[in-house]
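I opened this entry to keep track of what I looked up, one item at a time.

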Amino acid sequence: MNSQEILDDIVAAIRPQLGKAGAVANYIPALARVNPCQFGIALRTRDGVEAWAGDAMTPFSIQSISKVFSLTMAMRLAGERLWERIGREPSGNPFNSLMQLESEQGIPRNPFINAGAIAVADCLVTCGDDPKSEMLALISSLCDEPVHIDEEVAASEAATGFRNVALANFIKSFGKLDNDVCTVLDVYFRQCAIPMNCLQLARAVNFLCRDGSHPFSGVQVISARQARRINALMLTCGTYDAAGEFAFLIGLPCKSGVGGGIVAIVPDTLSLCVWSPALDASHNSLLGQKALEMFTSRTGLSIF
Ligand code: GLN
């Protein structure tokens, strides 16, 4: 079976299950009104072969998948210094939890929970010239198409992001946030509000299966070592308190978002993105997970 046939097969298996379980994120209107009965999947190999199926061209809110791009930028700008402010351990807690920040003195457990992504955004404000434009430029270059911020989503994130405001203030109270809370959160809320489709995301994370080299130009986006480290963090922390389950069932580094997208990396081989808006209790796409499980079972691909 070639890649296209595998993806078509997965769409056929997933379609009858659409709308039967899970719930779309409802903390903001723009996400609450998304039709849950959608499913898309796309992949791009290390050598640039692409395949897609289902609703792979429908844009959705990338939400926490943006944490992969902000981390990439921060690792590039700050190097090892980044790890003075952020840990590398799975949290075992929900993505927006405040709990561990208290005992860990304002050092978030990892860059993929909200607290960690806020610390990463702080680093981007300190080290970058214009983090929001730089992030759009990076993502647009990686997927070879212009991406933008959905202003409605960004405004709703800011209007309802009470926990994120609390997290940023809590980090600041430990002296571990260098910049103004509002400036840092503006970067974080806006990075969450970028709409992209499965094919664009499969392209945009493709550098992680190419030892850090850009999928179109071949220039190093980050070093091979840094790319390996991002993959390690995606495996252990990319799907919040379900990271163990993802490693067990899927066996690939993954990063999810509450818009229902999940990106996954098969190092040296391919990158893929699945999307289905209905989420499970850990806020990961329910059918997206199932699709990834089918993909790795059928192809035998795994990092183990
Ligand atoms: N915008 C969401 C938040 O900050 C993103 C969370 C996510 O995708 N897990 O709460």
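**Helix α3 and its end**

I started where α3 stops: Gly 79 follows the helix and has a positive phi, near 60°. I note here that the model is a predicted one.

Next I checked the length of α3.

Is α3 enclosed or open to the outside? I found 10 of its 13 residues buried, so the helix is largely enclosed by the rest of the structure. The buried positions in α3 are Ser 66, Lys 67, Val 68, Phe 69, Ser 70, Leu 71, Thr 72, Met 73, Ala 74 and Met 75. I then looked up what these buried residues pack against: helices α5 (114-127), α6 (131-143), α9 (181-192) and α11, and strands β5 and β6.

**Domains**

I took the bounds from the domain assignment, which gives domain 1 as 3-62 + 195-298 and domain 2 as 64-192. I get 20 Å between the C-alpha centres of domain 1 and domain 2. For the contacts, I have 35 residues of domain 1 against 32 residues of domain 2.

Which elements make up the side of domain 1 that touches domain 2? I list α2 (29-32), β4 (195-196), α10 (198-204), α11 (224-237), β5 (254-256) and β6 (261-266), each supplying at least two residues. Of these, α11 gives the most to that side, with five residues. By class, I sort the residues on this side of domain 1 into 22 nonpolar, 10 polar and three charged.

**Ligand**

Which residues surround the ligand? I recorded Gln 63, Ser 64, Phe 95, Asn 96, Asn 114, Glu 157, Asn 164, Cys 192, Gly 257, Val 258 and His 283. This shell holds seven polar residues, three nonpolar and one charged.

Why do I place the ligand between the domains? Domain 1 and domain 2 both give residues to the shell, so the ligand lies between them.

**Strands β1 and β2**

Last, I looked at the hairpin. Strand β1 (residues 40-45) runs antiparallel to β2, and five bridges join the two. Within this pairing, I find Leu 43 opposite Ala 51 of β2. Four residues separate the strands of the hairpin, and Gly 48 in the turn has a positive phi of about 95°.

Methods. Residues are numbered from 1 along each chain as its sequence is written. This is a predicted model: local features need pLDDT of at least 70, side-chain atom pairs count only at pLDDT 80 or more; totals for chains, interfaces and linings use all residues. A residue is near a molecule or strand if its C-beta atom, placed from the backbone, lies within 6 Å of it. Ala, Val, Leu, Ile, Met, Phe, Trp, Tyr, Cys and Pro count as nonpolar, Asp, Glu, Lys and Arg as charged, and the others, Gly among them, as polar. Domain bounds come from an automatic or database domain assignment. Two residues are in contact if their C-beta atoms, placed from the backbone, lie within 7 Å. A residue is buried if 20 or more other C-beta atoms lie within 10 Å of its own, exposed if 12 or fewer, and partly exposed in between; C-beta atoms are placed from the backbone. Two strands pair if DSSP finds at least two bridges between them.
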